[in-house]
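Subject: Structure handover

Hello,

Here is the structure I promised to pass on. Please open it alongside this message; my notes follow below.

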Amino acid sequence: MITYAINEKVIKYRFGHPICTDAVVKAGIEIKKKGIEFFQLEEGKTIKLSYKMGDDDIVLGLGENQRGMNKRGGIYESFCSDDPLHTSDKKSLYGAHNFLIIDGVDKFGVFIDYPGKVIFDIGFTYKDYLEIFIGDNDLDIYIIKGNSLKEIVKNFLNIIGDGYVPPKWAFGYQQCRWSYQSAIEVEKIADSFLKYDIPCDAIYLDIDYMEDFKDFTISEERFPNFKDFVKKMKKKGFRLIPIIDAGVKIEKDYDVYEEGVKNNYFCLDENEKPFVAAVWPGRVHFPDFLNPNARRWFGLKYKLLIDCGIEGFWNDMNEPAIFYTDRGLKKAIAHAKELENENLDIYTFFSLKDSFIKLSNNIDDYKSFYHTIDGEIVNHYKVHNLYGYNMTRAASEGFKKIAPNKRFLLFSRASYIGMHRYSGVWTGDNHSWWEHILLNIKMMPSLNICGFLYSGADTGGFNEDANAQLVIRWSQFSLFTPLFRNHSAMGTRNQEPFSFDEESKNIIKNTIKLRYALLPYIYSEYMKAIINKDIYFSPLSFEYDDEMSKRVENQLLVGDSLMISPVYEENAKGRYVYLPEDMLLWKVEDYNDRSYQVVKAGHRYLEVDFSEIPIFIRKNKMLVLGKSAKNVESIDNGELHVIAFVTDKAKYIYYDDDGKSYDYKRGIYTQIVIEIYKQHEDYYINVDSTGNDQIEKLHFDIVDINGKIVKKTVNI
Ligand code: GLC
């Protein structure tokens, strides 16, 4: 099963003396010094690459970004940005993922390993040109070749190293909301899940669990006897996931602040004093995560919460987000004072407004602090995209020291390629907008291509109020994303499944139950993707080479067997779907009802009621299905169902492991190879199982091209 790609198809071009990003971990890649295959190169103090695209070329990748799966027609900037308004004019979101694949006349990937700002103009200025601008001349560029899109991605994933594997419970449903103010409130949420019999594995603690928004503190007043509370909640079946922010509050006698100052662990300003910016707690210092000593120190701080029984974290505000600096604030106030008694015309009014709007995440601030890298002082602006990555690396390396063989849940808001080895990502502060379901759908394969498999969006939308239908439709997509978390902002309408009417609550409940029933498949496909250096969500063009499959942006392949076509328009009770081949449709309302329909290849209109979730099983593929339970740990998978669509012969490799340790890396896992051969009107099934001590029976629904079902059971 483990098939590693060879790296001879990767060529590295080195310019100047790049700062080591640790994005690429594969040693021994051939380095070329002259020219770059496929591109025209302009070299000076900055670097520009140009590539002439063919009329029908598509460009995939760029991870967490705006617009389509096909990035052509847009201009993008890699610069981790805390921007909560994800409108399509924006050029950067929270992640910086500089890997692209050109699929057309030529087929290749390009990775720009540079930690500062990179601009990708993909046919925006000149419709046929892909132009990449790097404002520096110290960097590495990689060209990745392969015979297919799948092989190019495999070759890329092979050089950037194994993706992050969370514990299995982190594939369960998770509930978050910024405003769960106290232990009482958190417990009430948990009790509602139990009362309504809605499965859930984790409840999140946002900034309000802390004392004055100070990292690694717990409010005694709102969360008394925290350790006991964590234990009590775990007994009820829920894990608690606290947030950790990048900024450390400046406050005398606060240990994290005092230790950071004493040991020079904070980023410095131009006077070599700890740099001051303001975030949630007011004035903070930023730990210098690019300094390995600071990383070690910060990583071990998580122990305080781990010792209380915490097994997962989310790292936030690590672009790093800056609300304001004293420099910026002084300037803005001076500007306001200057204009105090003026009659403001259009220009003066907007300049006044701008001086306050531009207080946050201001480029001048990012240029005014420094890191110490290998004894050298480096301006933050040059290495901006490494910050969140290294905060998260600090946490992950800390966990490895604290509990070496235990998997923790960890995901981050800011990221750069390389961080995928340490954690997942969530896609930040989206809105309760229908457009953002579609953006979420398009972003998932783009993130996967860049190595980030454990990812998901704030289901239901973070900002603004959601209605029940939006949360239903969004959950019906998120049930397929490895991270399935419903999250919303303080002050918005509650959007937990039980916040709506009875009918909507039941639909969301059935959707979450389906997620748990699909877990054997979801986990198996996730783990095989990680181990084999494949992806979990793919565009159709990864498996089908017809022209139409290249253009489909609103359907995805999930693992090896499934295609999904989520509904993402308000009031829609159906949608058009493109089928590159005949497929078996299972429209799910309640996962215990299994009835199927063969849908012929081509463009079809599919009716999808609010309570229905269409799942397509590809030809000669199988879907392994278990049972739902109150959480992942209580699932009983002694008997599994296999839905197979077989016209000739089909093979599926089912994977499972202990879900909590890294023993799978030592070959300790379950593997069941299922093969089905069609023989006249019947089927021959072969099951070959190793390392299995759980599954006793497999119940098969084998469906042929005419929709005829044959049921069989195999004892293992
Ligand atoms: C940021 C995060 C969001 C969180 C909020 C408060 O906006 O992106 O998820 O709820 O901060 O901590």
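A word on the annotations before anything else: UniProt positions are given in the numbering used here, feature names are shortened, and an annotation may be inferred rather than shown by experiment. Keep in mind, too, that this is a predicted model.

**Annotated domains**

With that said, UniProt lists "domain: DUF5110" at residues 640-692, from an unreviewed entry. This span is 0% helix and 62% strand. Its end C-alpha atoms lie 13 Å apart.

Two further domain records deserve a look. The UniProt feature "domain: Glycoside hydrolase family 31 TIM barrel" (unreviewed entry) is placed at residues 165-524. Residues 165-524 are 40% helix and 14% strand, and the end C-alpha atoms are 12 Å apart. The annotation "domain: Glycosyl hydrolase family 31 C-terminal", also given by UniProt in an unreviewed entry, covers residues 537-622. Here the span is 6% helix and 43% strand, with 17 Å between the end C-alpha atoms.

**Strands**

Start with the hairpin. Strands β39 (residues 670-679) and β40 (residues 682-690) run antiparallel and are joined by nine bridges. I676 has I685 of β40 as its bridge partner. Two residues separate β39 from β40 in this hairpin. In the turn, H680 has a positive phi of about 55°.

Now the open sheet. Three strands make it up, in the order β16-β18-β17, with antiparallel pairing. Its edge strands are β16 (248-249) and β17 (277-279), each pairing on one side only. Three bridges hold the antiparallel pairing of β17 with β18 (residues 282-285). V279 stands opposite G282 of β18.

**Helix packing**

Helix α13 figures in two contacts. How are two packed helices described? By the angle between their axes and the distance between the axes.

Take α12 first. Helix α12 (residues 435-449) packs on α13 at an angle of about 5°, with the axes 10 Å apart. Angles under 35 degrees count as roughly parallel, and that makes α12 roughly parallel to α13. On the α12 side, the residues are H436, I437, N440, I441 and M444. They meet L470, R473, W474, F477 and S478 in α13. By class, the contact of α12 with α13 has six nonpolar, three polar and one charged residues.

Then α14. Helix α13 (residues 468-478) and helix α14 (residues 502-532) pack at about 10°, with their axes 9 Å apart. α13 and α14 are therefore roughly parallel to each other. From α13, the contact draws on A468, V471, I472, S475, Q476 and S478. From α14 come S504, I507, I508, T511 and R515. The residues of the contact of α13 with α14 divide into five nonpolar, five polar and one charged. S478 of α13 is listed in the contact with α12 and in the contact with α14.

**Aromatic pairs**

How many aromatic pairs does the structure hold? The count is 56. One to display is F99 with F156: the ring centres are 3.7 Å apart and the planes lie at 15°, so the pair is stacked. F99 sits in strand β8 (residues 99-103), and F156 in helix α1 (residues 149-160). The pair therefore ties together parts that are 57 residues apart in sequence.

Over to you.

Best wishes

Notes:
Residues numbered from 1 in each chain as written. Predicted model: local features only at pLDDT ≥ 70, side-chain atom pairs only at ≥ 80, totals over all residues. Heavy atoms only, no water. Helix = DSSP H or I, 4+ residues; strand = E, 2+ residues; numbered from the N terminus. Pairing = 2+ DSSP bridges. Axes fitted to C-alpha atoms, helices over the stretch in contact; angles between N-to-C directions. Parallel < 35°, antiparallel > 145°, perpendicular 65-115°, else oblique. Contact = heavy atoms within 4.5 Å. Nonpolar A, V, L, I, M, F, W, Y, C, P; charged D, E, K, R; others polar. Phe/Tyr/Trp six-rings, centres within 6.5 Å; stacked < 30°, edge-to-face > 60°.
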